[in-house]
Amino acid sequence: MNKKLTKELSNLIKGEIRFNELLSKHTSFRIGGPADVWIYPKDISDIKNILMFCNSYNIPVTTLGGGTNVLISSDKGIRGVVLNLERGLCGIKIKGERITCGTGALLSKLLKQAAREELTGLEFTAGIPGTVGGAVSMNAGTKEIRNPKSEIRNVEYTAIGDLVESVKVIDMKGNVSELGKNDLRFGYRKSNLSKYIILEVKLKLKTGSKKEINERIFKLLEHKKSTQVLDIPSAGCIFKNPDGHSSGKLIDQTGLKGLAIGDAQVSEKHANFIVNNGNASAHDVLELIKKIKSTVFEKTGIKLEEEIKIIGI
């Protein structure tokens with residue numbers, strides 16, 4: 001973006017603008033080259049102005065939330081504008097059993113506030129990183145835990161889409177609208193919201209026991225600590241679980257646990273995690289994903305589908 005356009009954009013918005021911002025600083029994978037223009041919009045009007053400006057000059061726009069379930073596909077970064085919504089749209093308002101939440105609010109913060117207000121239904125999100133907007137867009141959830149030793153029973157809700165009453169969105173042309181239950185479609189790790197930027201989410205929970213809510217959260221966190229990779233950079237589970245199967249078990253059974261390409265490695269602890277052992281590149285991760293998919297298909301006939309969002313050029 002040239003200096004003239006940069007100045008024009010700066011005059012249009014109130015939020016912070018950065019240039020050549022390394023995306024590796026903003027993803028849990030710690031992978032990603034520079035974004036040409038990185039913006040923290042202050043409010044909805046900022047987002048609208050940015051989208052209209054970029055449309056008028058054919059500048060591509062990418063949104064990034066917490067960066068926890070994302071792989072930046074190119075080590076050269078992302079061209080155009082990247083919007084990060086963690087700062088300006090992160091308020092949480094609770095009234096009775098209903099919560100209105102900005103897209104940039106951390107899911108962990110939402111869970112804490114709901115528990116403090118003795119609202120149940122979100123416990124399954126314990127240990128899921130990232131923002132509310134990202135969680136709703138991909139319909140984040142936790143599968144039923146069947147290990148009797150964990151003393152955890154299946155919670156009432158296992159995906160956040162079950163709790164959503166409505167979502168305020170903006171399309172890429174700058175038009176704001178509110179989508180109600182009849183407009184929303186949630187499936188396993190997906191929704192019909194990918195063509196929008198989520199601005200605000202309204203959730204309906206239930207009143208519960210603070211003691212029971214906190215106990216359930218604690219047990220879920222303990223289970224995740226014992227089974228998932230939390231101390232090495234990763235993007236969480238790489239693949240969705242095929243019907244009737246566990247991706248982690250399929251990868252393990254085909255002998256891929258521990259396989260490495262460059263500094264990208266199939267985790268020794270959880271085979272559905274790829275970890276960054278220091279200097280993994282996007283190319284390393286993409287090649288490892290390709291190898292896993294082809295090997296699992298050759299040996300089992302099952303096609304794995306990525307759960308992580310791969311963005312960039």
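These legends describe close-up views of a predicted model.

**View 1. Helix α7, residues 282-300.** The helix has 19 residues. From first C-alpha to last, α7 reaches 27 Å, close to the 27 Å expected at 1.5 Å a residue. Just after α7, glycine 301 takes a positive phi of about 80°.

**View 2. The buried face of α7.** Ala282, Asp284, Val285, Leu288, Ile289, Ile292, Thr295 and Val296 are buried. Seen down the helix axis, these buried residues fall within an arc of 165°, so they line one face of α7. Lys290 and Glu298, on the other side, are exposed.

**View 3. Packing partners of α7.**

**View 4. An open sheet of four strands.** The order is β15-β18-β17-β16, with antiparallel pairing. β15 (234-237) and β16 stand at the edges, each with a single partner strand, so one side of each is left without a neighbour in the sheet. Three bridges link β17 and β18 in the antiparallel sense. Here valine 266 stands opposite isoleucine 274 in β18.

**View 5. Strand β3, residues 61-64.** Thr62 and Leu64 form the covered face of β3. Val61 and Thr63 form the uncovered one. In a regular strand, side chains alternate between the two faces of the sheet. β3 runs parallel to β5 (residues 78-84), joined by four bridges. Threonine 63 stands opposite leucine 83 in β5.

Methods:
Residues numbered from 1 in each chain as written. Predicted model: local features only at pLDDT ≥ 70, side-chain atom pairs only at ≥ 80, totals over all residues. Heavy atoms only, no water. Helix = DSSP H or I, 4+ residues; strand = E, 2+ residues; numbered from the N terminus. Expected span 1.5 Å × (residues − 1). Buried < 20%, exposed > 50% of the residue type's maximum accessible area, 1.4 Å probe, protein only. Arc of directions from axis to C-beta. Contact = heavy atoms within 4.5 Å. Pairing = 2+ DSSP bridges.
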